Amino acid sequence: MDRLPIDREVQHLTLSEQTRSRIDREVAKYPADQKQSAVIASLTIVQREQGWISPAAERAVADYLGMPAIAVHEVVTFYNMFNTQPVGRFKLNVCTNLPCALSGGTSALKHLCDRLGVAPGETTADGLFTVQETECLGACGDAPAMLVNDQRLCSFMGPERLDSLIEQLRDEAAKGESK
Ligand code: FES
């Protein structure tokens, strides 16, 4: 992964007033000495604004919440809903854990990658799609399962449904519809 180790110098980032105010609202939900409980909510706010969590953003959140940078780094790298690099407009996470793998998950991933001309983890040249492998989405009975932009669960994603999903997302992008 192209990422600076956490103990190396990273570019400084100042959280905007708006971001700080949003984070403050999350922090206020916890006892004053437990600001770090708002770390996931804070990172979610930053990602919503910036599209991903850069090493500088990690450090800025850590400083703001009074946490060790490594602790924030561990959260960011544990949950794959956090983007550790810029992603396309549509992040397509295909489950390849065993139940899905046994029911076409691996071929779904390959089909998607072939259709879009990318390898897992890559983004299409037009910036529209990023394809990633993901762990179990809790929808094993719907295998192969996938998730669009961490929110939209898609079931039984065989080749035809994958093709139609790509077309539908292209249409949404062309019409300027929100994610
Ligand atoms: S293994 Fe794919 S959703 Fe559970």
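The model is predicted, with local features requiring pLDDT of at least 70 and side-chain atom pairs pLDDT 80 or more, whereas totals for chains, interfaces and linings use all residues. Residues are numbered from 1 along each chain as its sequence is written.

The axes of H2 and H3 come within 11 Å and cross at roughly 140° (axes are fitted to C-alpha atoms, for helices over the stretch in contact, and angles between N-to-C directions run from 0 to 180 degrees). The two helices are therefore oblique to each other, the class left over once angles under 35 degrees (roughly parallel), over 145 (roughly antiparallel) and 65 to 115 (roughly perpendicular) are set aside. Val-39, Ser-42, Leu-43, Val-46 and Gln-50 of H2 meet Ala-57, Val-61 and Leu-65 of H3, contact being C-beta atoms, placed from the backbone, within 7 Å. By class, this contact has six nonpolar, two polar and no charged residues (Ala, Val, Leu, Ile, Met, Phe, Trp, Tyr, Cys and Pro are nonpolar, Asp, Glu, Lys and Arg charged, and the others, Gly among them, polar).

H3 (residues 55–65) also packs against H4 (residues 69–78), at an angle of about 125° and with the axes 8 Å apart. That angle makes H3 oblique to H4, and the crossing of H3 and H4 is right-handed. On the H3 side the contact is made by Glu-58, Arg-59, Val-61 and Ala-62, and on the H4 side by Ala-69, Val-72, His-73 and Val-76. The contact of H3 with H4 has five nonpolar, one polar and two charged residues.

How much of H3 is covered? Nine of its eleven residues are buried (20 or more other C-beta atoms within 10 Å; 12 or fewer is exposed, and in between is partly exposed). Among the buried residues of H3 are Pro-55, Tyr-64 and Leu-65. Their cover includes helix H1 (17–27), helix H2 (39–50) and H4. Just after H3, Gly-66 takes a positive phi of about 70°. Elsewhere, Arg-48 of helix H2 counts as exposed, because it has 10 C-beta neighbours inside 10 Å. Arg-48 and Phe-82 are 34 residues apart in sequence and 10.0 Å apart in space, C-alpha to C-alpha.

Several backbone features remain to be described. Most residues other than glycine have a negative phi, and most peptide bonds are trans. The bond from Ala-143 to Pro-144 is cis, with omega near -5°, and Pro-144 lies in the loop between strand E2 (129–134) and strand E3 (146–148). Helices (H or I, at least four residues) and strands (E, at least two) are DSSP runs, numbered from the N terminus. Asn-149 has a positive phi near 50° and sits in the loop between E3 and strand E4 (152–154). With 16 other C-beta atoms within 10 Å, Asn-149 is partly exposed. Phe-156 also has a positive phi, near 50°, and belongs to the loop between E4 and helix H7 (159–174). Phe-156 counts as partly exposed because 15 C-beta neighbours lie inside 10 Å.

Conventions: A crossing is left-handed if the near helix is turned anticlockwise from the far one by less than a right angle, and right-handed if clockwise. Two residues are in contact if their C-beta atoms, placed from the backbone, lie within 7 Å.
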